[in-house]
Amino acid sequence: KWYNTCMKYTNSLEIKTIITDHDETLWSGIIAENEEPVLNNQYYELLLELKSKGVVIFAVTKNDEDDVDKAFDKLNIDKDLFVKVVSNWESKSNNIELLIKQLGLREESTLFIDDNKLELNEVEARFPEMSVLNAADWNMLLDNEFHKNLSTPYSDVEQRYKKYRHLLNLYKDREVYNGTDEDFLKSRNRVINIFKPTNDEENNR
């Protein structure tokens, strides 16, 4: 979508969630091929700024977790920038689908950024309402009108990240729990509160 359309279209998108690649995107170099990673500082700083404004950031990369951790340490990347870093050799579209299902992410307000056009095309085909952006054109985000006017209190940003991480940990624990869903919830001392949605985000949940 984004890499084939005009600036007017991109500026109007309300992007609330970004899913980014690592190799040749967050940094130059392919770490699985033992290439030395070089941080894309401007892109990294933009992601930090967008998080501070309330945009939720995820990473999905085809790499081993240990290699990604080493690159993060070497490049001094703040791991808390991301709600979750998904590092494996599964299809990126499969990993994205799992995030959508587990966290209730809305396709229409999510942007996937990657340097590989095959990956971009696969994600776009699988999630027609999701926007995609070639990593070479990441600076197009600088002109997004929604982000220019977006402002979210720090406490709300942290609470949103905490909520998503809690849900991801809940699903992770459920995978290894030997019992029914009911027994699992009881083991977690979960309390379910029923409330009337007051905004679009709550209604989506």
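With which side chain does the side chain of Ser 93 make a polar contact? The partner is the side chain of Glu 122, at 2.6 Å. A polar contact is a pair of N or O atoms within 3.5 Å; within protein, one must be able to donate a hydrogen and the other to accept it, and residues adjacent in sequence count only if both atoms are side-chain atoms. The structure is a predicted model, in which local features need pLDDT of at least 70 and side-chain atom pairs count only at pLDDT 80 or more, while totals for chains, interfaces and linings use all residues. Residues are numbered from 1 along each chain as its sequence is written, and side-chain values use heavy atoms, with hydrogens and water left out.

The chain holds nine helices and seven strands. Helices (H or I, at least four residues) and strands (E, at least two) are DSSP runs, numbered from the N terminus. Of the 205 residues, 42% count as buried. Buried means under 20% relative accessible area, exposed over 50%, and partly exposed in between (1.4 Å probe, protein chains only). Among contacts in the chain with a separation of 6 or more, 69% join residues 24 or more positions apart. Contact means heavy atoms within 4.5 Å.

Two packed helices are described by the angle between their axes and the distance between the axes. Here, the axes of helix α4 (residues 92–103) and helix α5 (residues 117–126) come within 9 Å and cross at roughly 40°. Helix α4 is therefore oblique to α5. Axes are lines fitted to C-alpha atoms, for helices over the stretch in contact, and angles run from 0 to 180 degrees between N-to-C directions. Angles under 35 degrees count as roughly parallel, over 145 as roughly antiparallel, 65 to 115 as roughly perpendicular and the rest as oblique. The crossing of α4 and α5 is right-handed. On the α4 side, the contact is made by Lys 92, Ser 93, Asn 94, Ile 96 and Glu 97. On the α5 side, Glu 119, Glu 122, Val 123 and Arg 126 take part. The residues of this contact divide into two nonpolar, two polar and five charged. Ala, Val, Leu, Ile, Met, Phe, Trp, Tyr, Cys and Pro count as nonpolar, Asp, Glu, Lys and Arg as charged, and the others, Gly among them, as polar.

Ser 93 lies in helix α4. At 1% relative accessibility, Ser 93 is buried. Leaving aside neighbours within four places in sequence, Ser 93 is in contact with Glu 122, Val 123, Arg 126 and Phe 127. Gln 102 also belongs to α4. Its relative accessible area is 14%, so Gln 102 is buried. Beyond neighbours within four places in sequence, Gln 102 is in contact with Leu 167, Leu 168 and Tyr 171. Gln 102 and Leu 167 are 65 residues apart along the chain, yet their C-alpha atoms are separated by 7.3 Å.

Asn 134 is found in strand β7 (residues 131–134). Asn 134 counts as buried, at 10% relative accessibility. A polar atom of its side chain lies 3.0 Å from the backbone nitrogen of Ala 136.

Most residues other than glycine have a negative phi. Glu 24 is not a glycine, but has a positive phi of about 60°. Glu 24 lies in the loop between β1 (17–20) and β2 (27–28). With a relative accessible area of 34%, Glu 24 is partly exposed. Asn 76, not a glycine either, has a positive phi of about 55°. Asn 76 sits in the loop between α3 (65–75) and β5 (85–88). Its relative accessible area is 64%, so Asn 76 is exposed.

Conventions
A crossing is left-handed if the near helix is turned anticlockwise from the far one by less than a right angle, and right-handed if clockwise.
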